[in-house]
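Here is a short briefing on one structure. It covers a ligand shell, a strand pair and a helix.

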Amino acid sequence: MILCDRLTKVYNGIPAVDDLCLEIPAGEVFGLLGPNGAGKSTTILMLVGLIRPTSGACSIGGIEVAAHPIEVKRKIGYMPEDVGFYADRTAAENLDYAARFYGLAEVERKRRVGDLLALVGLDGVGTTVGGYSKGMRQRLGLARALVNDPEVVILDEPTANLDPRGVLDYRRIVRDLAGRGTTVLVSSHILSEVSKVCTSVGILARGRLVASGDREVLSRAAMQDRVTIDVETGNPMPRFASPEILSAEFSQDACSARIVAESDISTLIAKTLYTEGILLRRLAVEKPDMEDILLSYYTEGTA
Ligand code: ADP
């Protein structure tokens with residue numbers, strides 16, 4: 001459904017996207033993963049027809065984007081990293097305005113706008129967008145990307161501004177879209193986030209695809225993303241309860257522990273100790289950085 005064939009974009013002699021070959025079948029939730037500056041946004045901008053490739057090509061549903069940008073835009077829904085709206089209009093007015101571009105009749109627009117606002121949890125919000133938080137804007141951005149009931153949805157860093165509740169809503173929406181056969185491409189620099197919703201993943205580093213595949217690549221990458229937390233206390237610790245904890249080893253006196261978790265839960269640990277009146281002597285967090293993880297792929301990919 002989404003195809004990149006030797007897709008390349010060069011800025012000032014430096015490739016931002018370098019010879020990218022990618023094939024995403026229909027119904028897939030694909031995660032484009034990579035650190036900042038890897039070329040994710042540039043890839044997406046070419047896929048949605050907002051910039052032209054220097055060489056190579058990309059197509060959506062068999063239609064080449066650079067040759068038929070308008071046709072492609074009808075098929076896709078796109079949420080950019082920074083979503084722009086009319087600040088003096090409400091969410092419903094902004095969505096209605098976007099829906100007009102697709103030639104929907106008024107009755108249908110009204111129904112669609114109502115459904116989308118409910119879907120992203122903004123129904124009943126009557127104020128204008130100018131007063132929205134970043135998270136609310138991102139929710140509205142997601143609704144706008146879905147206004148034309150697209151076959152392909154492309155989301156650039158969709159969870160960047162969302163609070164935990166927003167992230168859960170977003171995951172539910174993406175799973176729901178996938179369940180209806182929509183193809184979804186999500187970009188992110190957060191490994192654990194991609195592993196939560198995506199069925200396959202491509203890892204981008206310095207404009208090049210250094211690894212791609214399904215769950216296996218994801219779980220391997222997620223494994224390397226684990227956080228190790230060493231805790232030492234003055235009196236015995238309780239067991240910490242968090243679904244993020246993968247393993248916990250306690251010393252015999254329970255005054256030291258090594259906890260391996262899916263994400264950094266050091267705040268939760270500190271709070272629990274404080275609440276229980278336990279003296280905290282040391283709390284050290286060891287987190288692999290994304291660059292290191294990607295570098296291991298990069299080295300393997302070029303070996
Ligand atoms: P990501 O989305 O993964 O953070 P980008 O696609 O935004 O990465 O950027 C990839 C590289 O291309 C970066 O080095 C960035 O500085 C460069 N770049 C992006 N857009 C432009 C532009 N319009 N002009 C010059 N360089 C650009």
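Predicted model: local features only at pLDDT ≥ 70, side-chain atom pairs only at ≥ 80, totals over all residues.

The expected span of a helix is 1.5 Å times one less than its number of residues.

**Helix H5**
- Helix H5 covers residues 134-145 and has 12 residues, so at 1.5 Å a residue it should span 16 Å.
- The end C-alpha atoms of H5 are 16 Å apart, which agrees.
- H5 is mostly covered, with nine of its 12 residues buried.
- Buried in H5 are Met-136, Gln-138, Arg-139, Leu-140, Gly-141, Leu-142, Ala-143, Arg-144 and Ala-145.
- These buried residues pack against two strands, S6 and S7.
- They also pack against helices H3 (91-100), H4 (106-119) and H6 (164-179).

**Strands S6 and S7**
- Strand S6 runs over residues 76-79, and strand S7 over residues 152-156.
- The two strands pair in the parallel sense, over four bridges.
- Gly-77 of S6 stands opposite Val-153 in S7.
- Ile-76 and Tyr-78 point one way from S6, while Gly-77 and Met-79 point the other way.
- Ile-76, Gly-77, Tyr-78 and Met-79 are all buried.

**Ligand shell**
- Around the ligand lie Tyr-11, Ala-16, Gly-34, Asn-36, Gly-37, Ala-38, Gly-39, Lys-40, Ser-41 and Thr-42.
- Helix H1 (residues 40-47) gives the largest share of this shell, three residues.
- By type, the shell residues divide into six polar, three nonpolar and one charged.

Technical notes:
Residues numbered from 1 in each chain as written. Near = placed C-beta within 6 Å. Nonpolar A, V, L, I, M, F, W, Y, C, P; charged D, E, K, R; others polar. Buried ≥ 20, exposed ≤ 12 C-beta atoms within 10 Å, placed from the backbone. Pairing = 2+ DSSP bridges. Contact = placed C-beta atoms within 7 Å.
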